[in-house]
Amino acid sequence: MFSPKLCCIKGFSSSPLLALKYFKYILIASSHGHCTVTNTLAAQCKSASRRKVCKTVLKHFDAQYSEELGEQWRSARDVLLNPLSWQYGVLLNRFSDLTNLKQCLTALGYTNLLPQTAHPESKSLTTHIPLQCFIHRDPVRIPTQGHHPGWLKQYYLLNAASLLPVLTLNVKEGENVLDLCAAPGGKSLAILQTATPGLLHCNELDKHRHDWLLKTLESYFPPTLRHLLSVTHLDGRSIGSVRPGAYDKVLVDAPCSNDRSWLYTPDTHQGEMWLKERTQLPLLQKELLCSALAAVRPGGVVVYSTCTMSRAENQSVVEAVLASYPGVELQDLEQQLIDSLSDNFHFAHLHPSVGQLVIPQKGKTWGPMYVSRLRRIY
């Protein structure tokens with residue numbers, strides 16, 4: 001439950017600067033489910049303003065993305081270089097006590113990214129999806145909630161564009177789902193907000209990120225339903241051969257050259273190392289995607305996603321797999337879904353047109369997020 005103080009801060013919903021100045025409250029839930037507030041938020045603003053751009057990475061991005069995206073890169077660049085302009089989504093946890101939470105967010109100027117229609121006969125893709133993510137037109141950010149054993153967090157902060165792969169996957173009740181590269185757990189959490197699967201297999205190879213994934217799931221998913229989860233620490237490239245045809249749907253949110261974080265690489269040497277490693281990523285991504293296609297049943301769906309704008313890691317990976325993996329077809333994302341998100345997301349004009357790419361723009365700072373959907377025919 002939200003503290004009434006949080007909902008009554010003058011000017012919060014109308015001015016991001018006022019929000020950053022006056023919003024000094026962070027919710028902490030006690031073991032009894034009550035909320036108190038402490039003055040600790042100022043550090044978040046200072047952290048964003050202290051970030052330093054790695055000039056080596058920026059120079060590389062300028063050369064690559066000017067060629068690949070043209071004028072679209074200029075506006076995306078402006079957003080990426082200004083962290084204080086970034087917007088944050090608030091994904092609600094349907095398994096927690098949300099008493100008054102939606103009303104408080106609405107009072108603060110938030111709206112639902114996926115408006116819930118009141119007409120059951122509607123053909124809208126979001127009619128029956130319980131997933132709810134609230135967004136704000138301004139770059140305001142409510143505090144994260146701390147981890148407390150035995151208490152389920154009410155919300156998860158995220159880049160709202162990261163929900164696009166989950167919406168594209170379109171999980172139905174009772175389906176067996178694999179999240180191949182699951183840490184830190186945001187997309188696994190979003191899947192669980194969308195439907196209750198028969199099985200959700202969350203896999204993560206990196207040990208530190210695997211532990212992070214476990215903590216995320218513990219913080220948001222009730223113990224009574226954890227028999228629906230399987231969490232493993234495996235090389236995703238091997239799962240297709242170990243469990244062939246075992247899943248109805250697979251999400252491959254592949255390791256990539258994360259544009260937002262790479263721009264703020266701590267030092268030039270690290271930036272240069274990452275840029276060298278970047279050339280090796282497409283091979284890994286192709287292997288992960290092929291493993292996912294082997295793991296999904298005939299007729300099943302695989303969604304491939306990254307948080308980079310790089311053509312080599314996006315369209316080129318999908319094209320290479322389509323050319324080499326038999327019995328697979330590319331599926332366009334539903335235009336209805338794209339249209340419903342276009343008021344808030346800026347979809348890039350891709351050449352070649354393989355998948356969809358959300359790129360950040362002024363006032364629509366969500367992304368980067370690339371998504372492509374494949375169906376295994378046989």
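A salt bridge is a side-chain nitrogen of Lys or Arg within 4 Å of a carboxyl oxygen of Asp or Glu. In this predicted model, the side chains of Arg297 and Asp248 meet that rule, with N and O 2.7 Å apart. Arg297 belongs to strand β11 and Asp248 to strand β10, so the bridge ties together parts that are 49 residues apart in sequence. Asp248 is buried, at 17% relative accessible area, while Arg297 is partly exposed, at 31%. By the rule just given, the count of salt bridges comes to 14.

Arg278 takes part in two of the bridges described here. One joins Arg278 to Asp259, the closest N and O atoms being 3.9 Å apart. Asp259 lies in helix α11 (residues 259-262) and Arg278 in helix α12 (residues 268-278), so this pair ties together parts that are 19 residues apart in sequence. Another joins Arg278 to Glu313, with the closest N and O atoms 3.4 Å apart. Here the link runs between helix α12 and the loop between β11 and α14, where Glu313 sits, 35 residues apart. What is the relative accessibility of Asp259, and does the residue count as buried or exposed? Asp259 has 0% relative accessibility and counts as buried. Arg278 is buried as well, with a relative accessible area of 6%, and Glu313 is buried at 1%. Elsewhere, Asp235, Arg237 and Glu287 are linked in a network of salt bridges.

The next topic is the nonpolar interior. In soluble globular proteins, nonpolar side chains tend to be buried together. The largest nonpolar core in this model has 47 residues, and Val252 and Met309 have the most contacts inside it. Elements that give two or more residues to this core are the helices α4 (55-69), α5 (71-80), α13 (281-295) and α14 (315-324), together with the strands β10 (247-253), β11 (296-306) and β14 (369-376). Helix α13 gives the most, with seven residues. Apart from this core lies another, of 46 residues, among them Leu152, Tyr156, Ala195 and Val371.

Met309 also touches residues already met above. Leaving aside neighbours within four places in sequence, the contacts of Met309 include Tyr65, Leu69, Trp73, Ala76 and Leu80.

The structure holds eight aromatic pairs. The ring centres of Tyr65 and Trp73 are 5.2 Å apart and their planes stand at 55°, so the pair is tilted. Tyr65 is buried at 0% relative accessible area, and Trp73 is buried at 2%.

Asp206 caps its N-terminal end, with a side-chain oxygen 3.2 Å from the backbone nitrogen of His208. Which residues of α9 are buried? They are His210, Leu213, Thr216, Leu217, Ser219 and Tyr220. The buried residues of α9 pack against the strands β6 (155-158), β8 (199-203) and β9 (229-232), and against helix α8 (186-194).

Key:
Residues numbered from 1 in each chain as written. Predicted model: local features only at pLDDT ≥ 70, side-chain atom pairs only at ≥ 80, totals over all residues. Heavy atoms only, no water. Core = buried A, V, L, I, M, F, W, Y, C linked by side-chain atoms within 4.5 Å. Buried < 20%, exposed > 50% of the residue type's maximum accessible area, 1.4 Å probe, protein only. Helix = DSSP H or I, 4+ residues; strand = E, 2+ residues; numbered from the N terminus. Contact = heavy atoms within 4.5 Å. Polar contact = N/O pair within 3.5 Å; in protein donor to acceptor, adjacent residues only side chain to side chain. Phe/Tyr/Trp six-rings, centres within 6.5 Å; stacked < 30°, edge-to-face > 60°.
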